[in-house]
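We will walk through one protein chain stop by stop.

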Amino acid sequence: MKLAQFDKFCRDLPATTYVNQWGGCHVWKVADKVFAIGGLDEGEEFYTIKVSPWAFEVLQEQPGLRPAPYLASRGLSWIQHYEKPGLTDKQLKDYIKKSYDLVLEGVSKKKRRELGLLE
């Protein structure tokens with residue numbers, strides 16, 4: 001997946017916002033909470049996503065994936081896809097959507113309603 005495709009996929013999820021921060025990272029948020037980060041490191045694309053604790057244990061052992069720098073070291077379940085083979089584009093999209101859903105679970109019903117995510 002290219003960074004432009006990552007941005008489009010994240011932009012198409014409901015009520016998302018984009019911020020360019022942390023040295024040029026493409027940071028995607030829902031309800032002001034980060035759910036995905038993309039960027040370039042020495043010309044190579046990387047994508048960072050929140051995962052369940054179970055998925056974190058499984059994914060961190062896969063080639064091309066690692067515990068996300070900074071986030072995982074603070075005890076958070078975030079994985080970074082940083083090189084091939086890593087995740088396929090379809091898998092990455094599925095995990096981005098799961099990350100979005102995980103983040104939304106921590107958002108109050110009132111806030112989700114304000115964002116048009118609840119009736």
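Here is the tour, from the sheet to the turns, the helices and the core.

**Before you start**

This is a predicted model, in which local features need pLDDT of at least 70 and side-chain atom pairs count only at pLDDT 80 or more, while totals for chains, interfaces and linings use all residues. Residues are numbered from 1 along each chain as its sequence is written, and side-chain values use heavy atoms, with hydrogens and water left out. Helices (H or I, at least four residues) and strands (E, at least two) are DSSP runs, numbered from the N terminus.

**Stop 1: the sheet**

In which order do the six strands of the open sheet lie? The order is 1-2-3-4-6-5, and the pairing is antiparallel. Two strands pair if DSSP finds at least two bridges between them. Strands of a sheet pair through backbone hydrogen bonds, either parallel or antiparallel.

Now look at the edges: strand 1 and strand 5 (65–67) each pair on one side only. Neighbouring strands of this sheet are turned by 20° against each other on average, direction ignored. Angles here run from 0 to 180 degrees between N-to-C directions, and axes are lines fitted to C-alpha atoms, for helices over the stretch in contact.

**Stop 2: along the strand pairs**

Select residues 16–21 and 25–30, which are strand 1 and strand 2; six bridges pair them in the antiparallel sense. Find T16, which has V30 of strand 2 opposite.

Move on to strand 2 and strand 3, an antiparallel pair with five bridges. Here H26 has G38 in strand 3 as its bridge partner. Strand 3 and strand 4 are again antiparallel, over six bridges; select A36 and you will find I49 of strand 4 opposite.

**Stop 3: the turns**

Select W22 in the loop between strand 1 and strand 2. This hairpin has three residues between the strands, and W22 has a positive phi of about 55° although it is not a glycine. Is W22 buried or exposed? W22 counts as exposed because its relative accessibility is 53%. The cut-offs, found with a 1.4 Å probe on protein chains only, are under 20% relative accessible area for buried and over 50% for exposed, with partly exposed in between.

The next hairpin, of strand 2 and strand 3, has two residues between its strands, and A31 in the turn shows a positive phi of about 55°. Select D32 too: the loop between strand 2 and strand 3 (33–41) holds this residue. D32 is not a glycine, yet its phi is positive, about 65°. With a relative accessibility of 63%, D32 counts as exposed.

For the hairpin of strand 3 and strand 4, select E42, a turn residue with a positive phi of about 55°. E42 counts as exposed, at 78% relative accessibility. Try the distance tool from E42 to W28: they are 14 residues apart in sequence and 21 Å apart in space, C-alpha to C-alpha.

One more loop is worth a click. Between strand 6 (78–81) and helix 3 you will find P85, and a cis peptide bond with omega of about 5° joins K84 and P85.

**Stop 4: the helices**

Show helix 1 (residues 3–12) and helix 3 (residues 89–105): their axes come within 11 Å and cross at roughly 40°. Display the side chains where they meet: F6, F9 and C10 from helix 1, and K93, I96 and K97 from helix 3. Contact means heavy atoms within 4.5 Å.

Then turn the view to see helix 3 against the sheet. Helix 3 lies across strand 1, strand 2, strand 3 and strand 4, at about 40° to strand 4.

**Stop 5: the core**

A nonpolar core is a set of buried Ala, Val, Leu, Ile, Met, Phe, Trp, Tyr and Cys residues joined through side-chain atoms within 4.5 Å. How many residues does the largest nonpolar core have? It has 27, and those with the most contacts inside it are F6, F35, A36, I49, V51, L59 and I96. Helix 3 gives the largest share of this core, six residues.

Leaving out residues up to four places away in sequence, I49 touches residues including F35, A36, W78, L92 and I96.
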